Amino acid sequence: MLQKHISESDINELYDILVKINSVDDCKALFADLCTVKEIEQMAQRIKAAKLLMDGKTYNKVIEETDISSATLSRVSRCVQYGNGYSKLLK
């Protein structure tokens with residue numbers, strides 16, 4: 001469910017901006033403006049967890065290596081198994 005003042009068009013504008021990023025430096029600058037340091041760390045943690053799962057690591061090993069919560073790891077695992085983003089972009 002979208003927040004009251006955010007439309008599907010607003011979300012699509014975010015995606016349009018993201019696909020325009022041409023460098024790591026530009027990406028860092030945008031994410032520094034958009035997100036807190038903690039949010040960026042959490043996204044990086046999810047990427048690392050997805051990679052470890054894709055490499056065949058167990059839940060316990062992933063938690064040990066990333067300190068991710070079991071609830072978040074469960075969501076990442078579902079996305080690795082049934083989603084499209086991780087499998088397409090992390091191979």
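Q: A helix is a DSSP run (H or I) of at least four residues, and helices are numbered from the N terminus. In which helix is the place of leucine 53?
A: In this predicted model, leucine 53 belongs to helix H3, which covers residues 37-54.

Q: How many helices and strands are there in the protein chain?
A: The protein chain has six helices and zero strands. Its pattern along the sequence reads α-α-α-α-α-α. The C-alpha trace spans about 40 × 30 × 25 Å along the principal axes.

Q: How do I read burial, and is leucine 53 buried or exposed?
A: A residue counts as buried when its relative accessible area is under 20%. Leucine 53 has a relative accessible area of 15%, so it is buried. Of the 91 residues in the protein chain, 14% count as buried.

Q: How do I read the packing of two helices, and at what angle do H3 and H5 pack?
A: Start with the angle between the helices and the distance between their axes. For H3 and H5 (residues 70-82), the angle is about 60° and the axes are 10 Å apart. This is why H3 is described as oblique to H5. The two helices form a right-handed crossing.

Q: Which residues in H3 meet which residues in H5?
A: From H3 the residues are Arg46, Ala49, Ala50, Leu53 and Met54, and they meet Thr72, Leu73, Val76, Ser77 and Val80 in H5. Sorted by class, this contact of H3 with H5 has seven nonpolar, two polar and one charged residues.

Q: At what angle do H3 and H4 pack, and how far apart are their axes?
A: H3 and H4 (residues 59-66) pack at about 145°, and their axes are 10 Å apart. H3 passes H4 in a right-handed crossing. On the H3 side the residues are Gln45, Lys48, Ala49, Leu52 and Leu53, and in H4 they meet Tyr59, Val62, Glu65 and Thr66. By class, the contact of H3 with H4 has five nonpolar, two polar and two charged residues.

Q: Which residues make up the largest nonpolar core?
A: A nonpolar core joins buried nonpolar residues through side-chain atoms within 4.5 Å. The largest one here has 10 residues: Ala49, Ala50, Leu52, Leu53, Val62, Ile68, Leu73, Val76, Val80 and Tyr86. H3 and H5 are the elements that give two or more residues to this core. H3 supplies the largest share, four residues.

Q: What share of the contacts in the protein chain with a separation of 6 or more comes from residues 24 or more positions apart?
A: The share is 31%.

Terms used. Residues are numbered from 1 along each chain as its sequence is written. This is a predicted model: local features need pLDDT of at least 70, side-chain atom pairs count only at pLDDT 80 or more; totals for chains, interfaces and linings use all residues. Side-chain values use heavy atoms; hydrogens and water are left out. Axes are lines fitted to C-alpha atoms, for helices over the stretch in contact, and angles run from 0 to 180 degrees between N-to-C directions. A crossing is left-handed if the near helix is turned anticlockwise from the far one by less than a right angle, and right-handed if clockwise. Contact means heavy atoms within 4.5 Å. Ala, Val, Leu, Ile, Met, Phe, Trp, Tyr, Cys and Pro count as nonpolar, Asp, Glu, Lys and Arg as charged, and the others, Gly among them, as polar. Angles under 35 degrees count as roughly parallel, over 145 as roughly antiparallel, 65 to 115 as roughly perpendicular and the rest as oblique. Buried means under 20% relative accessible area, exposed over 50%, partly exposed in between (1.4 Å probe, protein chains only).
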